[in-house]
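Let's take a friendly walk through the salt bridges of this chain. Have the model open beside you and follow each pair as it comes up.

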Amino acid sequence: MNSYDVGDVVRCSGAFANSAGAAVDPTAVLCKVRKPDGTITTLTYGVDGALVKAAVGSYYTDVNATEAGIWAYRFYSTGTGQAAGETSFRVRESSF
């Protein structure tokens, strides 16, 4: 699990590919981010400017790590190219 400090900006990425392994843009791409306090934010590509397409099949959002604890994020898609994946990262408490 990657570790960061409170105040870091963490790039959270998701990639989508077809069964042959070629990058594909799904019909709809979404990302959920869960803060350590349980608050969940859902972003939709094309609606929320914070969810960015970097290249075909490659998307990201930059998360402002405002509190210590375990953060989780999930990229998922619907329609053509439907897929899902999630991971988490730790944000260390500041000594100051």
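Lys 53 and Asp 25 join their side chains in a salt bridge, with N to O at 2.6 Å. The two partners come from distant parts of the chain, 28 residues apart: Lys 53 sits in strand E5 (residues 52-55), while Asp 25 belongs to the loop between E2 and strand E3 (28-34). Keep in mind as you look that this is a predicted model. Lys 53 has a relative accessible area of 34%, so this residue is partly exposed. Asp 25, at 29%, is partly exposed too.

Now turn to Arg 11, which makes a salt bridge with Asp 62; their closest N and O atoms are 2.7 Å apart. Arg 11 is partly exposed, with a relative accessible area of 47%, and Asp 62 is partly exposed at 37%.

How many salt bridges does a search of the whole structure find? The count is 5. One of them pairs the side chains of Asp 5 and Arg 92, at 3.0 Å from N to O. Because Asp 5 lies in strand E1 (residues 2-5) and Arg 92 in strand E8 (residues 84-92), this contact ties together parts that are 87 residues apart in sequence. Asp 5 is partly exposed, with 36% relative accessibility, and Arg 92 is partly exposed at 38%.

Key:
Residues are numbered from 1 along each chain as its sequence is written. This is a predicted model: local features need pLDDT of at least 70, side-chain atom pairs count only at pLDDT 80 or more; totals for chains, interfaces and linings use all residues. Side-chain values use heavy atoms; hydrogens and water are left out. A salt bridge is a side-chain nitrogen of Lys or Arg within 4 Å of a carboxyl oxygen of Asp or Glu. Helices (H or I, at least four residues) and strands (E, at least two) are DSSP runs, numbered from the N terminus. Buried means under 20% relative accessible area, exposed over 50%, partly exposed in between (1.4 Å probe, protein chains only).
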